[in-house]
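Welcome! Take a moment to look over the sequence and the 3D view, and then let us walk through the fold together.

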Amino acid sequence: TSESNNVARLLLFLAGCQLDAQQIYEARRSLIRCMRCCGDYNSTAQLAIQELLCSYDEDIFTENNCEDSLKICRKVVEFAIDRGCLNWTDKYQRPGYMCAELQPHGKPHYSNDERPEWCNLLEKEENWKRIRDEFYRLAKGGSSTNHWPAVGSGDHRGGAGQHDHKVVDGQWKEVVLFGSGARPDLAPFTSNLIRRYAPEATSLANQGGGEVIFSVLGPNNEFAPTVEART
């Protein structure tokens, strides 16, 4: 109803004030009340769920056991889906807010037939073999890069992605091709292909929306539960 939506907007405003005052638990309660007032999917509901999930973001990286916070986030998403105030179909859905047109069809995994065409172009035999060769050359130190910095750390990213390495318990190293700390010159063939076939990805990375990287995961390591897509 109109009255419920007005209450929801007031609760969202209250939660914003509480977050600014670092009253995190009070803000979470206000956001949940806001979502309960939203009978369907609208901009207020979307902002409420987004703020509520973000309020757990720092917990995931600072608490000794991030799994508890991740479980809460999944419960929040389930609640939002059940209430109809989030147009997702699955609690593990990706990529979330950055590609809204995919949300009605969102699911944890896409088959090869459902992938964007640029994925297939990169995997054409004449392309993937040269991408592999550039990767091997970098991995073996056959360039001006003498080592691979740890993902998200060091001066090469200028402070960007400082939490990225925390999703791996062990070694995870990178060479950034696009985004903060980019060195596309280290893999010119691969970088030119990505510019040609996936300009949206390079544009997003160059505007601060992540990185396009070569990365190496150490032996016997696994990714912790995380919210980003990995390809």
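Which residue just after helix 5 takes a positive phi? It is G84, with a phi of about 80°.

Before going further, a word on what you are looking at: this is a predicted model, in which local features need pLDDT of at least 70 and side-chain atom pairs count only at pLDDT 80 or more, while totals for chains, interfaces and linings use all residues. Residues are numbered from 1 along each chain as its sequence is written, and side-chain values use heavy atoms, leaving out hydrogens and water.

**The whole chain**

The chain has nine helices and two strands. Here helices (H or I, at least four residues) and strands (E, at least two) are DSSP runs, numbered from the N terminus. Reading along the sequence gives the pattern α-α-α-α-α-α-α-β-α-α-β. Of the 231 residues, 33% are buried; buried means under 20% relative accessible area, exposed means over 50%, and partly exposed lies in between (1.4 Å probe, protein chains only). The accessible surface comes to about 14,000 Å², and carbon and sulfur atoms hold 51% of that. These areas come from the Shrake-Rupley method with a 1.4 Å probe, and for residues only the protein chains shown count as cover. A contact means heavy atoms within 4.5 Å. Among contacts in the chain with a separation of 6 or more, 54% are between residues 24 or more positions apart.

The expected span of a helix is 1.5 Å times one less than its number of residues.

| Helix | Number of residues | Span between end C-alpha atoms | Expected span |
|---|---|---|---|
| Helix 2 (residues 24–37) | 14 residues | 20 Å | 20 Å |

In helix 5, the buried residues are S69, L70, C73, R74, V76, V77 and A80. They lie on the same side of the helix, because they cover an arc of only 155° around its axis. The arc is that of the directions from the helix axis to the C-beta atoms. K75 and D82 are exposed on the other side of helix 5.

Helix 2 has its own set of buried residues: A27, R28, S30, L31, C34 and M35. Seen down the axis, these fall within an arc of 165°, so they line one face of helix 2. The face turned away from that buried side carries Y25, R29 and R36, which are exposed.

Not counting residues up to four places away in sequence, C37 touches S4, N5, V7, A8, L11 and R83. C37 and R83 are 46 residues apart along the chain, yet their C-alpha atoms are separated by 9.6 Å.

N127 is found in helix 7 (residues 125–139). Is N127 buried or exposed? N127 counts as buried because its relative accessibility is 7%. Leaving out residues up to four places away in sequence, N127 touches L121, L122, F189, L193 and Y197.

**The two strands**

Strand 1 (residues 172–178) is largely enclosed by the rest of the structure, because six of its seven residues are buried. Six bridges join strand 1 to strand 2 (residues 212–217), and the two run antiparallel. Two strands pair if DSSP finds at least two bridges between them. One of the bridges has F178 partnered with V212 in strand 2.
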